[in-house]
Amino acid sequence: MHPQHARELAAIVGDETRVLTLPQAVEQLSRDFYWYSPVLRIQLAGKAGEAVVQPLSAHEIQDVLRYCYAHDLPVTVRGAGTGNYGQAVPLRGGVVLDLARMDQIESIESDGVAVCQPGVRLGALENQARKLGWELRCYPSTIVKATVGGFLGGGSGGIGSVAHGNLRHFKTVRALDVVTMEEEPRILHLEGDAIHEILHAWGTNGVMTRIWLALAPAVEWAQCAVAIPTFDAAFEFSERMAGDPAWTKRLVTTFEWPIPSFFGPIREHTPDGQALIFFLIALSQLPEFESAALAAGGQIAYSGAYTGLRTRPLLSDYTWNHTTLWAMKADEAYTYLQCAFDCDSVREQIRALKDRFGSEFLLHMEFWKGEDGRIVPGAIPVVYYTSEKRLNEMIDFCREIGVYVANPHVNFVEGGGRYREDNVQLLAKQRYDPKGLLNPGKMATFEPESGRKVIAK
Ligand code: FAD
């Protein structure tokens with residue numbers, strides 16, 4: 001990228017402090033957590049943009065994209081850069097569009113819909129919502145850092161999904177304003193099914209500039225850790241709690257031993273050799289819940305009120321993909337997969353995996369509500385990495401036995417497993433980014449403009 005481009009972009013936003021070209025700063029804002037994957041660690045090392053632009057409004061984004069379109073400059077959108085698959089890592093240089101400064105919560109409507117800019121941190125939105133009697137329906141364990149736009153662009157679900165499903169379902173994302181990458185960039189307002197064009201498309205087909213996100217009524221929560229001698233018994237109890245609508249819960253996470261031994265700061269609450277389950281359960285149900293845990297052969301390893309994201313210990317800091325982080329701290333050869341088991345044959349599938357891979361494949365279960373209302377036994381297993389071949393054997397075996405895998409060791413939307421089979425993301429890219437300048441290389445089935453050879457299903 002010619003240095004003149006950075007100067008002209010600074011003139012466009014009218015503030016040279018919001019166009020960064022210092023290599024160290026640009027490199028830092030070109031990374032995410034792709035190093036979680038030993039495969040991507042090698043593939044994406046050294047990839048970076050050439051300048052970072054920090055817009056303040058949708059209109060500035062329009063101006064920046066108009067310029068980049070005219071000069072064929074790639075643009076990679078960035079929230080907080082906590083994605084795991086290199087979603088926000090530019091493969092072809094160009095501009096990193098850092099939206100961290102677009103961080104205004106515009107309103108929380110009386111029907112519990114938050115209207116906000118994309119750079120709002122999820123933690124800030126949760127805190128604000130709770131003051132008004134609402135809370136996020138679901139959030140990633142990176143809630144404190146991650147942005148709303150980044151969650152919609154690259155995430156899927158997390159804490160709360162056991163009650164409210166993932167981002168894609170139950171009309172959690174109500175509407176979006178999106179800037180297109182065209183000669184004359186437009187601001188589109190998408191609602192209803194049209195939001196699926198942009199959700200989890202990794203910023204490849206539009207830039208979200210305003211988001212309408214449905215919240216849930218706030219609940220007073222308690223945290224509880226239950227230790228149970230065997231994984232089978234722990235799974236039995238957690239599946240029952242997750243599936244029974246009588247329990248008001250926000251989190252049910254089950255760990256096979258030795259995963260709990262990786263949780264250094266809370267090691268006193270992880271009894272040796274036992275499986276462990278972390279719950280966020282309605283405070284009003286805590287006594288009844290503890291009795292149920294004891295009756296299931298468990299012991300209460302920890303319990304206490306949840307008073308917000310500053311609660312210590314914060315059990316959610318050890319769940320979802322944070323579990324992998326603690327495992328990697330214990331031994332950097334650990335990595336992970338993202339799986340969904342079959343509701344009806346989950347026990348047989350777990351047995352087959354343990355028989356085949358033993359301690360190479362450690363069970364970390366997360367539950368979420370599926371689109372049909374059934375509770376899905378999902379997992380982010382901690383796997384021991386020895387080679388890409390062995391990792392692929394694990395993925396292949398999962399698929400052979402009917403376990404769904406969203407592969408986190410690939411760097412294109414279609415490979416990650418959350419690509420829409422109806423191709424709406426690709427069709428949107430063809431319309432909104434005809435030159436293929438948005439996060440190029442990440443939507444593998446796309447071919448630019450005249451090369452629209454990919455036939456949408
Ligand atoms: P970024 O990483 O900055 O961006 C993610 C993607 O969205 C990129 O492709 C980017 O280009 C695109 N994007 C960003 N903003 C926009 C925009 N305004 N318009 C269009 N595209 C945009 N994810 C989960 O879903 N659940 C979890 O529980 C979870 N746990 C995690 C735990 C750890 C320890 C880590 C490291 C990651 C975890 N993640 C999880 C992944 C990630 O943290 C979340 O998906 C997070 O919400 C991403 O937000 P971000 O602001 O960091 O996005």
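Two strands count as paired if DSSP finds at least two bridges between them. The legends below describe close-up views of a predicted model.

**Figure 1. Strands β2 and β4 pair in the parallel sense.** Strand β2, residues 51–53, is joined to strand β4, residues 95–98, by three bridges. Within this pairing, V52 has V96 of β4 as its bridge partner. Strands of a sheet pair through backbone hydrogen bonds, either parallel or antiparallel.

**Figure 2. A four-stranded open sheet contains β2 and β4.** The strands follow the order β1-β2-β4-β3, and their pairing is mixed. At the edges stand β1 (19–20) and β3 (75–78), each of which pairs on one side only. Helix α4, formed by residues 58–70, lies across β2, β3 and β4. The helix runs at about 170° to β4.

**Figure 3. An open sheet of eight strands shows antiparallel pairing.** The order of the strands is β14-β11-β13-β12-β18-β19-β16-β21. The edge strands, each pairing on one side only, are β14 (299–305) and β21 (404–405).

**Figure 4. L251 is a buried residue of strand β12.** Strand β12 spans residues 249–255. L251 has a relative accessibility of 2% and therefore counts as buried, the cut-off being under 20%. Leaving aside residues up to four places away in sequence, L251 touches I159, V162, F278, F279, L280, S316, T319, W320 and E366. L251 and E366 are 115 residues apart along the chain, and their C-alpha atoms are separated by 8.1 Å.

**Figure 5. Helices α11 and α12 pack against each other at an angle of about 155°.** Helix α11 comprises residues 346–357 and helix α12 residues 388–400, and their axes are 11 Å apart. Because of this angle, α11 is roughly antiparallel to α12, a term applied to angles over 145 degrees. The crossing of the two helices is right-handed. On the side of α11, the contact is made by A352, L353, R356 and F357. Helix α12 contributes R390, E393, M394, F397 and C398. Sorted by class, the residues of this contact are six nonpolar and three charged, with no polar residue.

Methods:
Residues are numbered from 1 along each chain as its sequence is written. This is a predicted model: local features need pLDDT of at least 70, side-chain atom pairs count only at pLDDT 80 or more; totals for chains, interfaces and linings use all residues. Side-chain values use heavy atoms; hydrogens and water are left out. Axes are lines fitted to C-alpha atoms, for helices over the stretch in contact, and angles run from 0 to 180 degrees between N-to-C directions. Angles under 35 degrees count as roughly parallel, over 145 as roughly antiparallel, 65 to 115 as roughly perpendicular and the rest as oblique. A crossing is left-handed if the near helix is turned anticlockwise from the far one by less than a right angle, and right-handed if clockwise. Contact means heavy atoms within 4.5 Å. Ala, Val, Leu, Ile, Met, Phe, Trp, Tyr, Cys and Pro count as nonpolar, Asp, Glu, Lys and Arg as charged, and the others, Gly among them, as polar. Buried means under 20% relative accessible area, exposed over 50%, partly exposed in between (1.4 Å probe, protein chains only).
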